[in-house]
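Please look over the structure below before reading on.

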Amino acid sequence: MAKHYAMAVVVAKCIGCQACTVACKFQNNVPEGQYRTKTPVVGPKGTFPNVSMYFLKEACQMCQDAPCVKVCPTKASHYNEAGVVLVDVDKCVGCKYCLTACPYDARFINKDTGAADKCTFCWEARVSQGQAPACVSTCVGGALVFGDEKDPNSEIAKLLSKNKGEVRKEEFGTRPSIYYIFQGVK
Amino acid sequence: MKRRDFLKGALYGTGGTMIALGGFGTLTKLDPKKAAAAEQDALSTVFSTCEMCTSRCTVALKVKNGKVVKAEGHPNDTSTGGSICARGNAAPSLLYDPERIKKPMIRTGERGDGKFKEVSWDEAYSYITEKLKNVQKQYGGEALAVTSRVNPNDIFFRSLARAMGSPNMFSHEATCPMTRTVALEATFGNPYIGADYGNAKYIITNGRNFFEGIHVPMVKGVMKSISNGGKLVVLDPRFSVTAAKGEWVPIKGATDLAFIMAMANVMISENLYDKEFIAQYSVGFDKWVEAVKDKTPAWAEQETGIPKDKIVQITRDFAKAKPNCLLEYGWRTPWTGNDYQLRRAIMIVNMMMGNWEVPGGYFRKKGAALLKPYPELQQYAKSLGGGMVQPAFPKPVKGRIDGTGVKGTPGQVIPVPDGAVGQIPESILTGKPYPIKAWMVYRFNPVISMPESERVIEAIKKLDLMVTCDVYMTDAAYYSDVVLPECTYMERYDPMIDNTGLTPKFQIRQPAVSVVYPDTKPAWQIFKELGEKMGYGQYFPFKDMEEYLTKQLAAAGLTLAEMKEKGFWVPPGMKPFFMRGKDPKAPAPTATADQKIQIFSEELEEATKQGIPEYKHYPQPENGKFRFIQGKVAVHTNAGTHNVPVLNELMPTNTLWINSVSAGKLGIKEGDSIIISAGKYEHKGIAKVTEGIRPDSVFTYHGFGRISPKMTRAYGKGINDNKLIPNELGEIGNVVSSTTFVTVRKA
């Protein structure tokens with residue numbers, strides 16, 4: 001059975017420290033002022049002293065029905081053999097259709113390459129070599145879990161069997177591979 | 001187009017956009033696809049110890065074609081689980097920053113106008129030598145003060161002062177955890193006490209902000225505790241990230257001791273404490289019973305603003321978890337003049353829970369001396385040796401300027417390695433008890449890290465010599481006569497790092513690459529060469545750091561080669577060791593003379609007439625005024641990283657947090673320009689209007705509002721908290737951070 005790589009974000013464990021943000025920049029040579037992932041704060045909500053706050057990691061949602069792939073006129077945006085959405089830099093003409101199509105605002109034009117850019121799950125340098133993505137490996141709070149969702153023995157499959165994983169903007173029907181677990185979040 | 005909207009906005013609500021403001025070009029511009037492919041071929045790993053802050057996490061530096069391209073956590077270190085924080089990840093950004101200082105410099109203009117000339121190392125050493133010899137001749141060697149943030153090169157830096165005959169050696173600690181150190185020494189005989197967060201079932205923290213003042217192994221521990229269903233209670237006037245992960249109790253500032261004493265009161269009146277433990281392991285408990293007998297929850301409610309029922313409930317639940325419960329002893333702890341008594345009371349209440357030398361409790365760090373008496377642990381009892389044998393230093397003619405070490409005075413309990421650094425500007429400006437005429441600082445930036453920045457600058461201007469050794473043209477460097485460029489931790493060896501906790505742990509810091517800027521040097525080499533120029537070569541009896549490290553390691557039966565290969569050493573097979581882990585009646589001696597926990601401290605009684613903690617009421621802000629508090633943020637280190645390109649890009653500036661109701665009364669809206677006034681000093685800033693702070697307090701993140709224009713990214717951005725805080729020495733010489741009141745108005 002083909003693998004399906006997925007990531008779970010255990011929101012209660014994310015402390016918003018931005019270790020993932022910086023690890024990604026160096027892992028992927030992301031240019032100054034640009035980010036493939038970032039973890040902004042949500043809140044504080046409520047009224048003093050009854051307030052709450054959490055952080056939400058943002059990045060490509062690795063849709064299984066990805067609008068960016070559909071609209072790409074050159075097939076630069078594509079699924080690889082493991083279902084990971086990637087951009088072929090050599091095929092990308094920088095038309096920005098995918099930027100507009102993405103419901104998650106996850107894409108940008110890389111200042112250095114001129115091509116559409118986004119999270120790759122660190123496919124080439126890490127995941128295809130058997131390592132976890134850079135953000136997962138450095139996560140200080142232990143909020144990020146990555147693996148093959150279809151392997152029932154994987155950490156992520158076990159986690160998702162016990163906890164409800166929510167996807168962002170489910171109504172778009174994009175079938176993301178990033179699951180947010182809100183259990184324990186106030 | 002709103003595509004980039006998610007990139008904008010407030011990280012930590014700083015008010016600053018997260019898009020880059022400053023220019024830098026540290027990242028190699030490569031086609032990502034090709035870069036990834038190439039990296040697989042040529043990536044090598046150098047294990048070392050991080051120095052983006054001073055928590056000393058083990059790291060794996062990834063090197064490609066002679067460049068550090070990435071930093072990661074050490075994959076074999078269970079304490080970090082292979083994680084490092086944002087700052088640790090930003091290592092290459094510091095290493096290749098073109099704004100680092102690259103050559104030794106001597107001031108050519110007036111102090112503070114920023115004019116310097118680049119000189120050779122020999123010129124810099126000669127200049128310092130001549131000036132110091134003049135100071136020594138005219139005022140005596142004691143007119144030199146040296147200050148550093150505690151670090152492995154202190155032994156060399158301080159040798160310069162010792163050789164000159166100066167007793168005036170200071171760490172930064174009086175601005176940070178010194179009150180805690182004093183409390184731990186008085187209670188346990190030494191300050192080498194750790195906490196086992198991971199196994200705690202209930203953690204209460206007074207202000208300690210685990211999730212923004214990041215120490216990776218401690219974050220892992222606290223997160224493990226919470227994830228296993230542990231309770232976290234956070235007493236803080238501000239809603240920190242830590243508060244967001246637990247139950248926030250917005251306590252009035254400077255009243256924490258009232259809460260702690262009321263906890264003790266409840267524990268005693270309701271019989272919630274471990275009487276057998278107190279009887280077997282401690283002395284002086286009766287005096288504590290007396291001290292807290294009128295410190296009822298009703299009294300504490302008046303002081304702290306926390307309802308008495310809440311105090312009782314927290315105390316009961318906390319006691320139910322005993323002994324696997326922790327009342328956090330704090331990290332940056334110079335809040336009030338008698339802060340050391342808060343830390344003492346915290347540890348006494350902990351001991352009432354019997355949380356000593358058990359999982360989920362406090363423990364002594366397990367160095368070789370502690371392990372040797374246990375036959376089954378002797379095999380793990382290894383310790384590092386000295387790297388050199390120095391001849392005796394001349395005995396200083398005078399005592400220290402801060403009275404450290406003087407029996408029968410508060411100076412008796414000031415830790416000798418630390419001293420009261422706040423005394424330095426006073427002695428420079430007043431000449432009392434005698435003048436300081438030369439100040440050398442290493443990895444320490446008194447202009448930003450000490451209260452009353454303008455007074456510190458005024459003091460520096462009066463000196464005959466000011467020398468700064470650092471990696472950036474810091475605010476202190478900017479006002480210095482000589483600036484000595486250290487290379488970064490990625491380019492040098494340091495002496496061995498002893499990070500012992502529940503087991504011994506030794507770590508190496510080693511170069512991953514040769515120096516990026518050829519005229520920068522390791523600190524040990526700078527101080528050794530300067531010492532030799534001054535005629536003090538005998539105090540630096542080693543050739544280089546490899547030789548030094550080899551000697552240190554030989555004492556532990558280890559070699560430099562294996563340390564370089566593995567990065568760190570813990571005794572193979574040794575499990576975390578708690579003296580009372582198997583038998584709650586087992587001996588668990590402290591380092592005091594009678595080996596017992598000093599609930600009453602004879603030493604403090606002699607030094608400060610307060611052998612048992614006494615409550616001191618500090619005023620609360622009057623209507624229209626606010627208590628000014630400060631804190632750490634996860635992406636920056638104190639005054640250290642604000643100019644590091646990638647970290648500056650994440651958070652270039654700070655804001656003033658003000659409660660929405662208080663802001664409304666002042667007509668202040670989110671993002672408004674404001675003036676913060678502390679009376680003598682004022683500061684411009686931007687308001688962050690929030691529900692996450694008490695209406696009587698305002699808050700800002702520390703380390704911003706930088707004064708040195710040579711750090712272009714951090715210069716002038718945000719609020720420098722220490723501009724507003726007056727330099728006041730606490731009862732045992734600590735600076736006082738949290739008793740300043742300010743007013744706020746629209747600019």
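Helices (H or I, at least four residues) and strands (E, at least two) are DSSP runs numbered from the N terminus, and the expected span of a helix is 1.5 Å times one less than its number of residues. This is a predicted model, in which local features need pLDDT of at least 70, side-chain atom pairs count only at pLDDT 80 or more, and totals for chains, interfaces and linings use all residues. Residues are numbered from 1 along each chain as its sequence is written, while chains are lettered from A and ligands numbered from 1 in the order in which they are written.

**Helix H13 of chain B**

- Helix H13 (residues 308-320) of chain B has 13 residues and should therefore span 18 Å, which agrees with the 18 Å between its end C-alpha atoms.
- Its buried residues (20 or more other C-beta atoms, placed from the backbone, within 10 Å of their own; exposed means 12 or fewer, partly exposed in between) are Ile311(B), Val312(B), Ile314(B), Thr315(B), Phe318(B) and Ala319(B).
- These residues lie on the same side of H13(B) because they cover an arc of only 165° around the axis, the arc being that of the directions from the helix axis to the C-beta atoms.
- On the face turned away from the buried side, H13(B) carries the exposed residues Asp309(B) and Lys320(B).

**Domains of chain B**

- The domain assignment (bounds from an automatic or database assignment) gives domain 1 (5-95), domain 2 (98-172 + 421-486 + 521-540), domain 3 (178-365) and domain 4 (626-746) of chain B.
- The centres of domain 3 and domain 4 of chain B, taken over C-alpha atoms, are separated by 27 Å.
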